[in-house]
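Please work through the following exercises with the sequence and the model at hand. Each task is followed by a stepwise solution.

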Amino acid sequence: IIVAKDPDTGVRNTSIHRLMVTGKDRLGLLMDMGRHLRNYYERAEAKGEPLEITINNGLHPAYFVAATTPSSAAPIDVDELAVASYLLGEPARLCRSKTVSVEGLADAQMIMEAEILPYVREPEGPFGEVSGYYAARDDRWVVHVKAITMQTAPVIHMLHPGREVWIGQGLSVESNLFQTISKQVPGLKKVYMTPGGSHYHVILQIDPPNNGMAKNAILAAFAAFPDLQMVTAVNSDIDIYDPEQIERAMVTRCDPAKDIIIIPGAFGHELNPVVKDNLAAKMGFDCTYPVPKPESYTLVSFQDVDIGKYDIGRPIPFPDCFYNKMSAGIFLRSFQSVKEHSLRLRRSCSGSMLLTFSDFLFSSAGDPLVQADLYPPLPRLVGYHKAAPRKRAAAQISGQDPPRRRQRSDSVKS
């Protein structure tokens with residue numbers, strides 16, 4: 001976590017950046033377009049001055065959340081350590097540095113005092129980034145390390161791309177989006193930054209009071225967090241944490257002709273490969289039903305069942321040929337007579353056979369019994385249909401003519 005001070009106002013900023021060791025006291029640095037640290041640096045560089053910083057490693061997660069707070073929640077004139085202080089329940093503890101005017105975070109495992117050099121660029125990268133891709137090597141900013149202080153036995157925290165980044169960033173992004181959008185559009189219930197979206201996709205759960213307001217919420221999300229590449233809006237009857245329900249809403253409630261919003265040439269996150277020169281199209285999906293809600297959009301629901309009220313019997317051991325890859329299922333002994341249901345299954349095994357559940361009865365102990373007096377036992381039936389093809393194939397391999405099927409007489413056909 002890098003701490004810097006505004007070169008004009010002295011307001012502190014905290015942010016997370018990647019750093020590549022390039023020498024004994026030299027680091028390569030990436031500063032994304034639009035970040036406050038880059039704004040500080042460009043103003044200092046314009047004066048021909050380095051930007052002093054402290055690099056703090058091994059901290060309470062509250063500092064991570066503060067450092068990833070979106071600009072819309074913590075503008076450039078707001079000290080983001082206030083966010084960490086609120087989460088900690090007490091003021092963030094700082095310590096004076098030995099070689100720079102910027103304070104370090106006293107509870108860090110290690111603090112590097114450094115400065116970002118003006119008008120110096122050196123090769124940096126590639127690096128596995130938040131997007132899940134490798135950022136390309138390029139000439140970037142250079143950090144000169146002036147001093148290092150650390151705990152007696154420091155534990156160094158390495159931040160790798162993946163769920164740790166996406167979930168951590170989602171904590172601040174989701175809360176900020178909820179507050180920002182709720183001020184503009186009523187009906188917002190939840191906001192979820194999906195791990196698969198690599199912090200570029202959020203889902204809004206919203207019940208808009210009027211048609212068109214879900215689209216307004218989508219646009220508000222893009223404005224509140226420019227890194228977003230995609231926003232999906234669904235109703236409150238959809239579980240936003242269930243990808244299957246999200247997909248069902250997309251294919252049944254989103255009319256591509258009128259419910260997909262495409263914004264060409266919008267500002268995006270430069271580490272997303274689809275973004276070129278900080279510009280890319282953004283896309284929103286309005287997967288909410290019309291207002292008022294038509295009856296046709298009522299989801300299928302199921303009654304809750306108390307399994308303790310039922311006496312469960314053992315499953316019937318059907319052969320694999322009968323059910324193919326389907327399981328046999330479990331039948332309840334509460335059915336006094338299976339015959340009454342007259343349920344029928346049809347299965348073809350080199351021919352057709354028709355069986356009914358009336359072939360199976362339950363004893364008083366709940367054990368299924370096959371009635372041999374009605375039909376041959378099921379294994380024999382299945383064996384009969386399996387044996388015929390094998391016998392015919394064997395005759396062909398031996399060179400003999402396979403036996404011809406006997407022609408049925410008219411009396412048999414009738």
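Buried means under 20% relative accessible area, exposed over 50%, and partly exposed in between (1.4 Å probe, protein chains only). The model is predicted, so local features need pLDDT of at least 70 and side-chain atom pairs count only at pLDDT 80 or more, while totals for chains, interfaces and linings use all residues. Residues are numbered from 1 along each chain as its sequence is written, and side-chain values use heavy atoms, with hydrogens and water left out.

**Exercise 1.** Determine what share of the protein counts as buried.

Solution. The protein has 414 residues, of which 40% count as buried.

**Exercise 2.** Identify the residues with the most contacts inside the largest nonpolar core.

Solution. A nonpolar core is a set of buried Ala, Val, Leu, Ile, Met, Phe, Trp, Tyr and Cys residues joined through side-chain atoms within 4.5 Å. The largest one has 26 residues, and Leu37, Leu51, Ile53, Ile116 and Val143 have the most contacts inside it. Apart from it lies another core of 22 residues, including Phe225 and Ile261.

**Exercise 3.** List residues in contact with Val143, leaving aside neighbours within four places in sequence.

Solution. Contact means heavy atoms within 4.5 Å. Among the partners of Val143 are Leu19, Arg26, Leu29, Ile53 and Ile116.

**Exercise 4.** Describe the pairing of strand β4.

Solution. Strands (E, at least two residues) are DSSP runs, numbered from the N terminus, and two of them pair if DSSP finds at least two bridges between them. First, β3 (residues 19-23) pairs with β4 in the antiparallel sense over four bridges, with Leu19 opposite Leu29. Next, β4 and β11 run antiparallel, joined by four bridges; here Arg26 has His144 as its bridge partner.
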